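Let's walk through this one together.

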Amino acid sequence: MNIRKGNPEDMKSVLGLIQELAIFEKEPEAVVITEEDLIRDGFGEKPLFHVFVAEIENDQKQKEIVGIALYYYRYSTWKGKTIHLEDLIVKEKMRGTGLGSALYAEIMKQGKKDGVRRVEWNVLAWNTPAVNFYKNSGAKILEDWQVVQMDEAGVNAFLEKL
């Protein structure tokens with residue numbers, strides 16, 4: 001297994017893993033981004049995200065991306081610069097191999113290197129293996145906080161009311 005920074009050529013595989021996660025989270029139709037979006041947004045003059053990829057040599061002796069950790073920087077009025085781990089995805093066939101732990105550790109190392117005061121992410125409450133993994137790593141799950149989002153249709157509807 002090799003973990004490295006992702007590059008534009010990896011985005012087809014990254015998108016495949018994002019789609020696999022959407023299926024696992026029971027929202028396969030929710031993914032609307034394209035490989036081109038990922039290349040533009042992650043590798044332009046001002047990248048909106050960064051990604052670590054985990055690759056193995058498959059049965060055909062070819063390198064295969066089997067996991068990713070996609071993150072970006074945020075700013076907290078309390079903590080300053082933080083990292084938001086958007087997605088940590090491991091192909092189903094590779095779960096339980098330590099690959100997810102290795103990607104998770106890479107994010108924490110990046111946070112330490114960057115001097116951030118917090119690394120944060122969301123986890124679905126029903127994803128018990130992930131919840132337990134994070135708790136066992138020392139992460140705090142903030143039970144009193146709720147994730148709030150407004151999708152494109154909601155933004156449009158809100159603005160029409162103004």
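Start at Y71: this residue is buried, with a relative accessible area of 0%. Here, buried means under 20% relative accessible area, exposed means over 50%, and partly exposed is in between (1.4 Å probe, protein chains only). Before going on, a word on the source: this is a predicted model, where local features need pLDDT of at least 70 and side-chain atom pairs count only at pLDDT 80 or more, while totals for chains, interfaces and linings use all residues. Residues are numbered from 1 along each chain as its sequence is written, and side-chain values use heavy atoms, with hydrogens and water left out.

Now for the rings. Those of Phe, Tyr and Trp (its six-membered ring) pair if their centres lie within 6.5 Å; planes under 30 degrees apart are stacked, over 60 edge-to-face, and the rest tilted. That rule gives nine aromatic pairs. One of them joins F24 and W126, tilted at 45 degrees between the planes and 5.6 Å centre to centre. F24 sits in helix α1 (residues 11-24) and W126 in the loop between β5 (119-120) and α4 (128-137), so this pair links parts of the chain 102 residues apart. Helices (H or I, at least four residues) and strands (E, at least two) are DSSP runs, numbered from the N terminus. F24 is partly exposed at 33%, and W126 is partly exposed at 41%.

Back to Y71, which pairs edge-to-face with Y73: 5.9 Å centre to centre, 85 degrees between the planes. Y73 is partly exposed, at 29%.

Zooming out, the chain has five helices and five strands, and 31% of its 162 residues are buried.
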